[in-house]
Amino acid sequence: MATHRFDPKFTDNVINAMGPKTSPRLRQLMTGLIRHVHDFARENELTVDEWMAGVQMLNWAGQMSDEKRNEGQLVCDVIGLESLVDEITFTLADEAKDAPTATAILGPFFRADTPYRENGADIVVTKPKDGGEMAFMHGQVIDFVTKQPLVGADVEVWQASTNGLYEQQDPEQVEFNLRGKFKTDADGRYNFYCLRPTPYPVPDDGPAGKLLSLMDRHPFRPAHIHIIATKEGYRPLTTQIFDRKDKYLDNDSVFAVKDSLVVDFVPRKDDPKAALELQYNIKLVVDTKTSA
Ligand code: MBD
Ligand code: FE
């Protein structure tokens with residue numbers, strides 16, 4: 001079997017060291033992880049110095065992470081792992097026109113404690129210094145199969161400011177700036193004012209940025225707005241929408257773009273608050289796990 005010059009029994013010994021109380025799923029995952037990591041080391045004849053450089057990256061990621069910064073997740077993002085796991089979990093099968101809204105990765109800047117705002121509210125509380133472009137975003141949350149509006153669904157959104165920073169990264173922005181949670185009305189509608197999103201680099205002052213530069217890659221993400229839509233009885237949806245005009249659509253540094261999530265901001269008439277609008281309906285599917 002072994003085509004390499006290393007101890008052929010070594011990897012099996014490590015795997016077989018797991019005891020009988022290991023759960024079947026953990027045994028399966030650790031067996032695969034150990035096997036692939038060992039094969040990776042053998043195939044590349046990984047040296048002690050190279051392995052230690054990797055360990056130091058991991059430690060660095062841990063040391064700079066806190067409730068406002070999730071560097072381990074960002075390292076996974078730049079090697080495509082969060083997007084791959086998202087694809088595996090939610091399957092890309094339905095990229096067709098008439099499909100439920102596709103998922104996209106959560107990313108490291110979600111905040112669990114985002115407050116509700118009234119429909120029609122402006123999430124741009126701290127105005128960007130360069131002005132930015134205001135947009136009115138509105139739409140319906142509907143049942144993908146029946147096309148009926150979903151009343152009382154939650155639509156949570158967050159976006160970075162035009163300086164490329166999310167509120168928790170930027171002392172100049174008030175807390176929860178550019179975030180909001182909205183409840184759909186009696187027609188299943190939500191609406192609010194936001195910024196037309198702009199492209200920005202993922203934070204590159206840590207190991208994720210270091211990895212990007214070692215791989216000769218840029219850190220930019222295409223302009224996007226994050227969305228989490230939930231309604232009891234429906235599969236919770238985590239996604240992002242992307243501006244069709246963005247130049248990074250085809251080379252997102254975290255590989256999250258899907259065609260069906262690309263949207264058009266169009267001119268809006270007679271609204272002194274916003275010169276642009278975005279109409280976006282969210283199509284949810286019944287959650288077979290909770291509604292059986
Ligand atoms: C982001 O803003 C983001 O959405 C993701 C997924 C990764 C890094 C920065
Ligand atoms: Fe983001």
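Me: How are helix 4 and helix 6 oriented to each other: roughly parallel or roughly antiparallel?

Reply: Helix 4 and helix 6 are roughly parallel to each other, where angles under 35 degrees count as roughly parallel, over 145 as roughly antiparallel, 65 to 115 as roughly perpendicular and the rest as oblique. Helices here are DSSP runs (H or I, at least four residues), numbered from the N terminus, and strands are E runs of at least two. This is a predicted model, in which local features need pLDDT of at least 70, side-chain atom pairs count only at pLDDT 80 or more, and totals for chains, interfaces and linings use all residues. Residues are numbered from 1 along each chain as its sequence is written, and side-chain values use heavy atoms, with hydrogens and water left out.

Me: At roughly what angle do the axes of helix 4 and helix 6 cross?

Reply: The axes of helix 4 (residues 71-78) and helix 6 (residues 207-214) cross at roughly 20° and come within 8 Å. An axis is a line fitted to C-alpha atoms, for helices over the stretch in contact, and angles run from 0 to 180 degrees between N-to-C directions.

Me: Which residues meet there?

Reply: From helix 4, Glu 71, Leu 74, Val 75 and Val 78 meet Pro 207, Ala 208, Gly 209, Leu 211 and Leu 212 of helix 6; contact means heavy atoms within 4.5 Å.

Me: And what about helix 3 and helix 6, at what angle do they pack?

Reply: Helix 3 (residues 48-63) packs with helix 6 at about 140°, the axes being 9 Å apart. That makes helix 3 oblique to helix 6. Met 57, Trp 60 and Ala 61 of helix 3 make the contact with Pro 207, Lys 210, Leu 211 and Leu 214 of helix 6.

Me: Changing topic, what does UniProt list for residues 24-89?

Reply: UniProt lists "domain: Catechol dioxygenase N-terminal" there, in an unreviewed entry; such annotations may be inferred rather than shown by experiment. Over residues 24-89 the chain is 82% helix and 0% strand.

Me: Where does UniProt place "domain: Intradiol ring-cleavage dioxygenases"?

Reply: The unreviewed entry places that feature at residues 106-284, a span with 4% helix and 31% strand.

Terms used. Chains are lettered from A and ligands numbered from 1 in the order in which they are written.
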